[in-house]
Amino acid sequence: MNAPVSAMLNTISTSHETAATPLPTPAELRRQLPLDEALGAQIAEQRHAVQRILNGQDDRLFVVVGPCSVHDPEAALDYADRLAALSEEVSDRLLPVMRVYVEKPRTTVGWKGLAYDPHLDGHGDMAQGLALSRELMHGIARRGLPVATELLQPMLAPYLEDALSWVAIGARTTESQLHRELASDLAAAVGFKNATSGDVQVAVDAMQAAAHSHQRFALDSEGRPVMQQTAGNPHTHVVLRGGHGEPNYQAHHVRTAVNTLREAGQNPRLMVDCSHANARKDHRRQSEVMLDVLAQRQAGDANLVALMLESHLFEGKQPLKPGALRYGVSVTDACVGWDTTEHLLKTAAERLR
Ligand SMILES: O=C[C@H](O)[C@H](O)COP(=O)(O)O
Ligand SMILES: C=C(OP(=O)(O)O)C(=O)O
């Protein structure tokens, strides 16, 4: 005979026996690695610069550009030095924003990013990963660059959020209520990717949800659970990234997305992600996507206000084998190399002049 439920609750563990390592609270990490006032003011200004482009008050393009993921902070800073110098040359027509992706959503399993596993050995060390991520974002911001990331685990946002000028909600989480609530709490602009299936409507719905104030479960900066009332974020947009191996950046896709956004009463200004399904997962095709979008923009489509490019110091990708890694090469999606990136950004600026 089965035992009574009350007895079972006392004897049956509700989860498997697993290890749990305490982590610093967001407040503790912020005290350890504070954002100084000057940098805070710079980031506030850079957030506004992105938002002015999204509102049509500035006719430049913002370009979220950088490695698919950061696995080596030294290479990321090397990249940032180059991007900061290039940024000065193209800033009349472009606003480069560096991708500093420290969390990676995986299709099944794989390395989940610097914030989780900074030693790249599968053992995980989030105390060090979060500190390294925060420090790196500050280092990149100190080079004058706006910082972008994908926020994947909503409870990690308070550790990093004050350094960010633009945030992505990825294709695998745009439909998630928790991520829409998170977006509604952020001061930075948020791009919602269309779903991996190619469905754009979920990103339009996400914009609508994020614009509202929500009551949500969150952890405060001291790590205590709170019911939080979010402000609602009016600075959101759709990111077209293609789906199921099929692109969605061409003029007819853009027209459809703009009409859908207008019908929903949302801002029709868009970002095109030149990578992922838009490049059919072939990094070399990012150039062709970018040139097509620039041609659409030159032909008068002012709704195309932003681009995303996956780019590292060197082209391609490599398997994650600690001790045998090539410097400046992606360990997640393949990227274009620095030379191509420089050429593409200069070409974009030139065409938009
Ligand atoms: O941008 C990165 C990847 O496309 C995404 O994280 C999924 O990666 P995976 O399919 O290699 O897991
Ligand atoms: C994971 C990413 O993209 P997506 O969500 O479009 O797959 C990314 O840009 O790193």
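I began at alanine 295, which counts as exposed because 12 C-beta neighbours lie inside 10 Å. The cut-off for exposed is 12 or fewer. The model is a predicted one, and I kept that in mind for the entries that follow.

**Entry: alanine 295 and helix 10**

I placed alanine 295 in helix 10. I then looked up its distance to alanine 348, which is 53 residues away along the chain. Their C-alpha atoms are separated by 9.8 Å.

Strand 9 (residues 270–273) and strand 10 (residues 304–310) run parallel and are joined by 4 bridges. In this pair, leucine 307 of strand 10 stands opposite valine 272.

**Entry: strand 2**

I followed strand 2 to its partners. Strand 1 (residues 61–66) runs parallel to strand 2, with 5 bridges between them. Valine 64 has valine 97 of strand 2 as its bridge partner. I noted helix 4 (residues 73–90) as part of a right-handed β-α-β unit with strand 1 and strand 2. Strand 3 (residues 147–150) is also parallel to strand 2, joined by 2 bridges. There, arginine 99 has alanine 148 of strand 3 as its bridge partner.

**Entry: valine 167**

I found valine 167 in strand 4, residues 166–169. Valine 167 counts as buried because 25 C-beta neighbours lie inside 10 Å. Which residues does valine 167 contact, leaving aside its neighbours within four places in sequence? I listed Ala148, Thr149, Leu151, Leu186, Ala188 and Val190. I also checked alanine 183, which is 16 residues from valine 167 in sequence and 8.4 Å from it in space, C-alpha to C-alpha.

**Entry: two histidines with positive phi**

Most residues other than glycine have a negative phi. I noted histidine 244, where phi is near 50 degrees, and histidine 276, where phi is about 50 degrees. Histidine 244 lies in the loop between strand 8 (236–240) and helix 9 (251–263). Histidine 276 lies in the loop between strand 9 and helix 10. Histidine 244 is exposed, with 10 other C-beta atoms within 10 Å, whereas histidine 276 is buried, with 26 other C-beta atoms within 10 Å.

**Entry: the two ligands**

I listed the shell of ligand 1: Cys68, Lys104, Pro105, Arg106, Thr107, Gly110, His276, Thr332 and Asp333. I sorted these residues into 2 nonpolar, 4 polar and 3 charged.

I did likewise for ligand 2. Its surroundings are Cys68, Tyr101, Pro105, Glu150, Gly170, Ala171, Arg172, Lys193, Arg241, Asp273 and His276. The shell of ligand 2 divides into 4 nonpolar, 2 polar and 5 charged residues. I noted that His276 is listed around ligand 1 and also around ligand 2.

Terms used
Residues are numbered from 1 along each chain as its sequence is written. Chains are lettered from A and ligands numbered from 1 in the order in which they are written. This is a predicted model: local features need pLDDT of at least 70, side-chain atom pairs count only at pLDDT 80 or more; totals for chains, interfaces and linings use all residues. A residue is near a molecule or strand if its C-beta atom, placed from the backbone, lies within 6 Å of it. Ala, Val, Leu, Ile, Met, Phe, Trp, Tyr, Cys and Pro count as nonpolar, Asp, Glu, Lys and Arg as charged, and the others, Gly among them, as polar. Two strands pair if DSSP finds at least two bridges between them. A crossover is right-handed if, with the strands pointing away from the viewer, the path from the first strand over the helix to the second runs clockwise. A residue is buried if 20 or more other C-beta atoms lie within 10 Å of its own, exposed if 12 or fewer, and partly exposed in between; C-beta atoms are placed from the backbone. Two residues are in contact if their C-beta atoms, placed from the backbone, lie within 7 Å.
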